[in-house]
Number of protein chains: 2
Amino acid sequence: MSAQGDQVIGPDGKPISKKALKKQQKDAEKAAKKAEYKKQNTQEGAEQEVQTEDQSAGRYGNLPLNQSQERLDRRLYKVNELQPSISGQKIWVRGRLHTCRSKGKQCFFVIRQQKWTVQVFAMQNENISKQMIKFVSSVSAESIIDVEGTVQKTDQKIQSCTQQDVELSLSQIWVVSASEPRLPLLIEDASRPEGEGELATVNQDTRLDNRILDLRTTTSQSIFRLEAGVCRLFRDYLTEKGFVEIHTPKIISAASEGGANVFEVTYFKTKAYMAQSPQLYKQMAICAEFDKVFTVGAVFRAEDSNTHRHLTEFVGLDLEMAFNYHYHEVLEVIGEMFVNIFKGLQQNYAEEISLVGKQFPAEPFKFLEPSLVLNYKDGVEMLKKAGVEMEDDEDLSTPNEKLLGRLVKAKYDTDFFILDKFPLAVRPFYTMPDPHDNKWSNSYDMFMRGEEILSGAQRIHDPEFLTKRAKEHGVDIEHIKGYIDSFRYGAPPHAGGGIGLERVTMLYLGLDNIRKTSLFPRDPKRLTP
Amino acid sequence: MSAQGDQVIGPDGKPISKKALKKQQKDAEKAAKKAEYKKQNTQEGAEQEVQTEDQSAGRYGNLPLNQSQERLDRRLYKVNELQPSISGQKIWVRGRLHTCRSKGKQCFFVIRQQKWTVQVFAMQNENISKQMIKFVSSVSAESIIDVEGTVQKTDQKIQSCTQQDVELSLSQIWVVSASEPRLPLLIEDASRPEGEGELATVNQDTRLDNRILDLRTTTSQSIFRLEAGVCRLFRDYLTEKGFVEIHTPKIISAASEGGANVFEVTYFKTKAYMAQSPQLYKQMAICAEFDKVFTVGAVFRAEDSNTHRHLTEFVGLDLEMAFNYHYHEVLEVIGEMFVNIFKGLQQNYAEEISLVGKQFPAEPFKFLEPSLVLNYKDGVEMLKKAGVEMEDDEDLSTPNEKLLGRLVKAKYDTDFFILDKFPLAVRPFYTMPDPHDNKWSNSYDMFMRGEEILSGAQRIHDPEFLTKRAKEHGVDIEHIKGYIDSFRYGAPPHAGGGIGLERVTMLYLGLDNIRKTSLFPRDPKRLTP
């Protein structure tokens with residue numbers, strides 16, 4: 001057991017001061033050396049401290065490397081299955097050694113399985129030898145262990161564990177996979193809310209440098225389970241509405257959407273590019289008669305933006321839909337879809353939301369049903385009334401987006417809204433102009449807590465008009481020939497949008513950095529791990 | 001209307017000969033010129049041949065470009081909703097002009113909506129003018145049209161349409177989006193089974209050059225709906241089993257899995273690579289305590305392989321799972337998952353399977369439950385008995401894989417099986433050797449119709465052993481430091497596999513080329529459309 005994992009959480013479940021931590025650092029080093037020495041002086045395979053007087057021999061030790069030697073017929077309980085109802089049963093459980101503290105003849109340790117934890121205790125007696133207690137104390141935190149023990153109802157609730165009404169009385173302990181004794185970060189530190197006195201927390205870069213450990217916190221476990229839920233709710237809603245899932249190519253022959261911010265790839269003897277979005281291809285699928293499509297996949301942006309909300313690679317949730325008469329048919333489907341996602345998260349991930357909130361507190365996410373749709377002009381009007389000086393058809397700066405989000409929240413009590421009819425000049429070439437005034441366009445953004453999470457529009461479905469607009473935007477027509485040609489054989493009016501998955505997760509949970517919602521984030525300065 | 005679309009299918013719904021087609025080619029050119037002339041000589045916007053004597057004025061013409069001018073409160077019926085039960089009703093429907101033939105005062109045309117078709121007829125009378133009939137005949141095939149008509153029960157079944165018991169009696173027709181009169185390929189030709197007499201079919205490259213049209217065939221529509229089903233069944237099964245969906249980075253800092261066959265990317269001022277698989281990252285997710293994960297996403301292979309089954313970019317369905325005692329726990333989950341996919345396809349996509357089979361006939365896909373698991377050694381034995389000369393621990397060549405598939409089919413009557421315990425030497429460095437004889441390994445491939453669709457194994461979860469094996473494979477340890485380090489803090493035994501989505505779809509349907517199951521395929525010679 002690592003002294004680090006050992007003494008950071010006191011017996012009362014409360015963490016201890018920086019000063020004490022320094023001392024532990026030294027102890028940890030000693031323990032590490034000791035462990036290293038021990039490792040070198042024991043054999044590979046089933047290692048066990050056989051001593052003549054050890055009455056526990058055969059009930060603890062290191063298991064040999066699992067190479068699927070045999071298929072044991074032994075049930076392993078999940079930590080969250082350990083309940084008073086099975087009190088008295090002797091069971092096996094596998095998990096990580098979360099923390100351990102020993103004191104003379106007894107020792108307590110906690111087994112962690114994702115977000116669940118249970119306490120185990122061992123006391124030196126006729127079955128448990130001094131050597132066995134010593135062995136338990138020598139296991140490094142984060143090691144994976146198999147523990148056999150008897151489920152016992154506790155008199156007092158164990159506040160530091162998720163399983164508060166039971167603990168295990170140890171009978172066997174075997175190490176499945178040992179952790180190195182020195183951890184580059186402590187799970188407890190990485191789990192701690194910031195600003196709690198002098199206690200250590202972990203900064204964003206250290207977290208990412210040691211992402212494997214950072215991801216083990218209850219917070220990270222909850223974030224990525226909820227993110228998987230966003231994906232599923234997105235897909236299930238659209239599938240139910242008759243959308244077909246497609247997959248669009250990521251390697252493209254030309255920088256299709258303007259040319260800047262695109263990664264270049266060496267493609268055999270030629271050059272290619274990484275798609276900045278599935279935009280052109282999902283539209284081509286509409287021209288190919290798919291009517292309603294969605295796609296979930298990586299998109300790439302070679303923007304040298306080092307902000308809290310930009311990644312160079314992220315997951316795009318894209319959809320595109322032919323409509324009958326008016327692009328609001330699509331806007332409404334997207335609005336309903338978001339409401340469905342928000343509700344689904346509330347219903348299915350309440351525990352995850354609450355667990356993340358313990359470390360990173362945030363106001364619960366509010367939304368209206370149906371969603372609020374604001375006209376761009378009216379949004380600008382609200383900003384002007386709040387003292388912002390800007391033109392009616394000027395693009396929204398990031399600070400103004402945030403301010404608008406606050407104004408909308410104050411007025412309508414919603415963290416989600418749709419801003420419709422953006423100025424044409426600030427939108428991509430394929431955006432359909434407003435039919436009455438081409439200063440405006442049939443385009444919209446959607447916002448969560450004042451940050452853009454979807455951009456969408458009705459697209460131009462006439463090849464000649466599209467060509468004209470592309471030229472006006474300085475797009476090389478030759479580069480998008482395949483795209484433009486796809487509108488030559490009959491194309492329905494259509495609209496759609498693209499969503500950034502990591503942003504939705506970040507903003508729904510009220511997190512401060514998009515790197516917390518990307519498993520292995522990529523930004524201009526980070527390509528590892 | 002294009003003469004091409006017009007005369008290829010005769011009034012009896014049967015196609016006509018190549019000789020006749022040549023004549024039509026000429027006619028088509030004439031028609032095209034005529035249409036071009038007409039186009040240049042009419043105004044944009046709501047165009048209509050207003051003549052003083054036209055009693056149909058206002059009931060046909062070209063609609064202006066839809067810019068969402070107004071939101072009509074008009075229901076558009078789906079073609080498959082047109083049934084005898086609504087006979088007598090006057091309804092609107094939007095679809096593509098599939099084919100049209102006019103003869104003197106009457107005209108018949110077919111509206112297509114994805115895989116559904118319905119016939120419309122118009123006869124010159126007090127409501128339908130000569131000019132209106134002429135207009136209908138002038139609409140190009142593949143144009144999108146709004147048609148108002150009365151649903152009428154037919155005396156005889158209309159063999160050439162999916163809606164065989166009803167047709168529409170025309171009252172209005174408006175072109176929503178006109179197709180160019182000349183099509184680079186005809187939907188009928190692209191839909192025709194090969195080898196039916198002298199009739200035109202379309203080769204694979206022409207299809208891909210004109211993918212937008214090729215995708216409109218009933219066959220393509222069915223293929224991609226089924227492919228979406230494969231994805232959904234994969235995800236739903238694993239989600240239900242407690243797997244968490246993750247997203248792994250596609251841009252990586254080093255060519256991680258050996259170095260060859262990897263695309264290089266310019267990443268700001270440095271170089272990066274496109275991930276050949278999510279392999280290392282899904283394992284890292286396991287080390288990060290996710291227990292069971294899956295991911296669906298693009299993978300990239302810079303292999304200069306120009307075969308029927310290789311793409312440079314394809315969709316990987318990957319999964320990875322910690323197990324308790326033996327990697328067969330995972331192998332069995334994967335086997336059950338495939339059975340679940342095959343059953344789900346049978347149940348939910350029977351119509352699509354049958355429609356694809358009309359153009360590309362194939363034996364129905366057979367499988368066993370539980371799946372057949374063969375030992376590699378026994379597979380080799382079967383091959384040897386069939387006359388193949390090879391070593392016991394030699395890799396399987398593609399022809400031998402195919403032969404083994406046929407032998408297994410003959411003996412066990414299954415198109416799906418699992419080949420277990422491959423020779424260690426032919427597997428990646430991270431493969432766990434067999435515990436008893438390291439000539440073999442805890443690895444497996446899965447096959448459909450004699451072609452590999454999944455490769456998987458138990459992975460080495462000990463960092464020192466992994467380092468040793470990587471070195472033996474000539475992998476630069478520095479390049480995979482983050483990966484190896486992820487095993488240093490306790491790693492559970494785990495196994496998994498990677499599936500090629502396009503291969504599963506191709507082989508399930510018995511298709512001849514993987515380009516048919518990739519929406520916009522990428523190979524060494526194709527980067528467009």
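In the predicted model, helix α7(B) passes helix α10(B) in a left-handed crossing. The axes of α7(B), which spans residues 218-240 of chain B, and of α10(B) come within 9 Å and cross at roughly 140°. Since angles over 145 degrees would count as roughly antiparallel, this value makes α7(B) oblique to α10(B). On the side of α7(B), the contact is made by B:Thr218, B:Thr219, B:Ser222, B:Ile223, B:Arg225 and B:Leu226. The residues of α10(B) that take part are B:Glu352, B:Ile353, B:Leu355, B:Val356 and B:Gln359.

Helix α11(A), residues 376-385, packs against helix α12(A), residues 398-412, at an angle of about 90° and with the axes 10 Å apart. The two helices are therefore roughly perpendicular. Residues A:Gly379, A:Met382 and A:Leu383 of α11(A) make the contact with α12(A). From α12(A), the contributing residues are A:Asn400, A:Leu403, A:Leu404, A:Leu407, A:Val408, A:Lys411 and A:Tyr412.

Chain A as a whole comprises 15 helices and 18 strands. Of its 529 residues, 60% count as buried. Among the contacts in chain A with a separation of 6 or more, 69% join residues 24 or more positions apart.

Aromatic rings were considered next. A pair of aromatic rings is described by the distance of the centres and the angle of the planes. Over all chains, the count comes to 44 aromatic pairs. One of these is formed by A:Tyr60 and A:Phe135, with 5.2 Å from centre to centre and 45° between the planes, a tilted arrangement. A:Tyr60 belongs to strand β1 (residues 60-62) of chain A and A:Phe135 to helix α3 (residues 130-138) of chain A, so the pair ties together parts that are 75 residues apart in sequence.

In chain A, ring pairs link A:Phe338, A:Phe342, A:Phe365, A:Phe367, A:Phe416 and A:Tyr508 into a cluster.

Charged groups also sit over aromatic rings. The charged end of A:Arg75 is placed over the ring of A:Tyr77, 3.7 Å from the ring centre. In chain B, B:Arg75 lies over the face of B:Tyr77, at 3.8 Å from the ring centre.

The surroundings of one strand residue complete the description. B:Ala495 is part of strand β18 (residues 494-500) of chain B. With 0% relative accessibility, B:Ala495 counts as buried. Leaving aside residues up to four places away in sequence, B:Ala495 touches B:Glu320, B:Met321, B:Phe323, B:Tyr327, B:Val330, B:Tyr444, B:Ala457, B:Gln458 and B:Arg459. B:Arg427 is 68 residues from B:Ala495 in sequence, and their C-alpha atoms are 14 Å apart in space.

Note on methods. Residues are numbered from 1 along each chain as its sequence is written. Chains are lettered from A and ligands numbered from 1 in the order in which they are written. This is a predicted model: local features need pLDDT of at least 70, side-chain atom pairs count only at pLDDT 80 or more; totals for chains, interfaces and linings use all residues. Side-chain values use heavy atoms; hydrogens and water are left out. Rings of Phe, Tyr and Trp (its six-membered ring) pair if their centres lie within 6.5 Å; planes under 30 degrees apart count as stacked, over 60 as edge-to-face and the rest as tilted. Helices (H or I, at least four residues) and strands (E, at least two) are DSSP runs, numbered from the N terminus. A charge sits over a ring if NZ of Lys or CZ of Arg is within 6 Å of the ring centre and within 35 degrees of the ring normal. Axes are lines fitted to C-alpha atoms, for helices over the stretch in contact, and angles run from 0 to 180 degrees between N-to-C directions. Angles under 35 degrees count as roughly parallel, over 145 as roughly antiparallel, 65 to 115 as roughly perpendicular and the rest as oblique. A crossing is left-handed if the near helix is turned anticlockwise from the far one by less than a right angle, and right-handed if clockwise. Contact means heavy atoms within 4.5 Å. Buried means under 20% relative accessible area, exposed over 50%, partly exposed in between (1.4 Å probe, protein chains only).
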